[in-house]
Amino acid sequence: MSRSGAPAQTEAEKRAAGYAAVSEVRSGMLLGLGTGSTVRYFLDGLAEAIGSGRLRDIRGVPTSSWTETRCRELRIPMVSLTEGAVLDLVVDGADEVDPVLDLVKGLGGALLREKMVAQAGERLLIIVDSGKEVRVLGERAPVPVEVTRFGWRSHLPLFRSLGAEPHVRRSSGGEMTVTDNGNYLIDLDFKAGVDVPGVLHEALARQAGIVETGLFLGMADRVIVGTEEGVRIREREGDA
């Protein structure tokens, strides 16, 4: 096992995917910088490329306080997401990737900012280990939902009516998890996965008080998958 608790092979796959993503970066780019254990390796590789002079004039928009702290430690220049800003490339991880490159994200708790940054990017590059590939979304991971603190319990009947078993996310000490935006997280478990992710997302988005869902549909342009043999590239159907 690695220090993170993941099997050594999984960590090797994450590292391979993270470092491979650095090859997609060009000098002068404005980047969206995601959150999570695979992104950690991308940030390490990016910092090495900047430090060696291979990449210059790089600026990144972090999607979480964790990413911001890590960038500061690695001396990766950062800027805020501003009105009208267009990011050249957004690099992020995912908790699940289905055959058409739809995603579940948010187990790291940064789904709202991750989606905002992803929507501001010209391209979204996802980096994962092979264990994140699924037949249907919700097969292995819950679908995270970020909700306002006010009236959060009022959403539970809706979640159950949609076929989910909701679980309030809590810290190891039992306290309710609070996002960087001051909201709560509820994880939705679907025993058989999500039949039609778009219908689920729309049903959740219509409910006042639900801030965002962890369903990232039609957003990823490319996925780099770390495998035992190296990396495998998956492109959205129709892309060059």
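Start by selecting E12 and E13: a hairpin of two residues joins E12 to E13. Helices (H or I, at least four residues) and strands (E, at least two) are DSSP runs numbered from the N terminus, and two strands pair if DSSP finds at least two bridges between them. E12 and E13 pair in the antiparallel sense, over six bridges. Zoom in on Val 225 and you'll find it opposite Arg 232 in E13.

Before going on, a word about what's on your screen. This is a predicted model, where local features need pLDDT of at least 70 and side-chain atom pairs count only at pLDDT 80 or more, while totals for chains, interfaces and linings use all residues. Residues are numbered from 1 along each chain as its sequence is written, and side-chain values use heavy atoms, with hydrogens and water left out.

**Stop 1: the six-stranded sheet**

Which order do its strands have? Reading across, the order is E2-E1-E3-E6-E12-E13, in an open sheet with mixed pairing. At the edges are strand E2 (59-62) and strand E13 (230-235), each pairing on one side only. From one strand to the next, the twist averages 20°.

Select residues 124-129 (strand E6) together with residues 222-227 (strand E12): these two run parallel and are joined by five bridges. For one example, click Leu 125, whose bridge partner in E12 is Arg 222.

Contact here means heavy atoms within 4.5 Å, and axes are lines fitted to C-alpha atoms (for helices, over the stretch in contact), with angles from 0 to 180 degrees between N-to-C directions. Helix H1 (residues 8-21) lies across strand E3 (89-92), E6, E12 and E13, and runs at about 160° to E6. Helix H4 (residues 111-119) lies across strand E1 (30-33), E2, E3 and E6, at about 150° to E3.

**Stop 2: the cores**

Time to look inside. Buried means under 20% relative accessible area, exposed means over 50%, and partly exposed is in between (1.4 Å probe, protein chains only). A nonpolar core is a set of buried Ala, Val, Leu, Ile, Met, Phe, Trp, Tyr and Cys residues joined through side-chain atoms within 4.5 Å.

Show the side chains of Val 25, Leu 31, Leu 33, Phe 42, Leu 46 and Ile 127: of the 23 residues in the largest nonpolar core, these touch the most other members. H1, E1, helix H2 (37-52), E3 and E6 each give two or more residues to this core. H2 supplies the largest share, six residues. Another core, of 20 residues, lies apart from it, and includes Val 134, Leu 156, Val 194 and Leu 204.

Go back to Leu 31. What does it contact, leaving aside neighbours within four places in sequence? Its partners are Val 25, Leu 46, Ile 58, Arg 59, Gly 60, Val 61, Leu 87 and Leu 89.

**Stop 3: the four-stranded sheet**

Move on to the open sheet with the order E8-E9-E7-E10, where the pairing is antiparallel. Strand E8 (165-168) and strand E10 (210-213) are the edges; each has a single partner strand, so one side of each is left without a neighbour in the sheet. Neighbouring strands of this sheet are turned by 30° against each other on average, direction ignored.

Pick out E8 and strand E9 (residues 184-189), which pair in the antiparallel sense over four bridges. His 167 has Asp 187 in E9 as its bridge partner. You'll meet H4 again here: it packs on this sheet, touching strand E7 (143-147), E9 and E10, and its direction makes about 65° with that of E10. Helix H6 (residues 197-205) also lies across E7, E9 and E10, running at about 160° to E10.

**Stop 4: loop residues**

Select Arg 75, in the loop between helix H3 (65-74) and E3. Though not a glycine, Arg 75 has a positive phi of about 60°. Is Arg 75 buried or exposed? Arg 75 is exposed, with a relative accessible area of 75%.

Compare Leu 101, in the loop between strand E4 (96-97) and strand E5 (103-104). Leu 101 also isn't a glycine, and its phi is positive, near 70°. Leu 101 is buried, with a relative accessible area of 2%.

**Last stop: zoom out**

Of its 240 residues, 51% count as buried. The C-alpha atoms fill a box of roughly 55 × 40 × 35 Å, taken along the principal axes.
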